[in-house]
Amino acid sequence: MDENVWVLVNPDNEHWDEEDAMVEITYLAEMWDLEVTPTGMTRDVGFGQERLFIVSGSQEAIEEFKEGIEEALY
């Protein structure tokens, strides 16, 4: 299964940057045995910039990945 996941990679408050976000994304992808592919698509939200990632794997693992991102980066 593939799912598009937006991740805040450059928050306005500068608590982390895209490099820090990629460390967390890579760690969680390995933890849940997922393939995570960054795209060139970004969007500005009211509190920073998000990047679109395509996440491939089981639905359960993708949900755990998204929860992990929420805990680590938000």
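Which residues does Glu3 touch, not counting residues up to four places away in sequence? Glu3 touches Phe53, Ile54, Val55, Gln59, Ile62, Glu63 and Lys66, where contact means heavy atoms within 4.5 Å. The model is predicted: local features need pLDDT of at least 70, side-chain atom pairs count only at pLDDT 80 or more, and totals for chains, interfaces and linings use all residues. Residues are numbered from 1 along each chain as its sequence is written, and side-chain values use heavy atoms, with hydrogens and water left out.

Glu3 is found in strand β1, residues 2-11. Strands (E, at least two residues) and helices (H or I, at least four) are DSSP runs, numbered from the N terminus. Glu3 is buried, at 17% relative accessible area. Buried means under 20%, exposed over 50%, and partly exposed in between, with a 1.4 Å probe and protein chains only. The Glu3 side chain makes a polar contact with the side chain of Lys66, at 2.6 Å. Such a contact is a pair of N or O atoms within 3.5 Å; within protein, one must be able to donate a hydrogen and the other to accept it, and residues adjacent in sequence count only if both atoms are side-chain atoms.

The chain has two helices and three strands. Their order along the sequence is β-α-β-β-α. The radius of gyration is 12 Å, close to the 11 Å that the globule rule gives for 74 residues, so the chain is as compact as a globular protein of that length. This radius is taken over C-alpha atoms, and the rule is 2.2 Å times the number of residues to the power 0.38. Along the principal axes, the C-alpha atoms fill a box of roughly 30 × 20 × 15 Å. Of the 74 residues, 34% count as buried. Among contacts with a separation of 6 or more, 66% join residues 24 or more positions apart.

Helix α1 (residues 18-31) and helix α2 (residues 59-73) have axes that come within 10 Å and cross at roughly 150°. Axes are lines fitted to C-alpha atoms, for helices over the stretch in contact, and angles run from 0 to 180 degrees between N-to-C directions. From α1, Ala21, Glu24, Ile25, Leu28 and Ala29 meet Phe65, Gly68, Ile69, Ala72 and Leu73 of α2.

Glu70 also lies in helix α2. Glu70 is partly exposed, at 47% relative accessibility. Its C-alpha atom is separated by 15 Å from that of Asn4, 66 residues apart along the chain.
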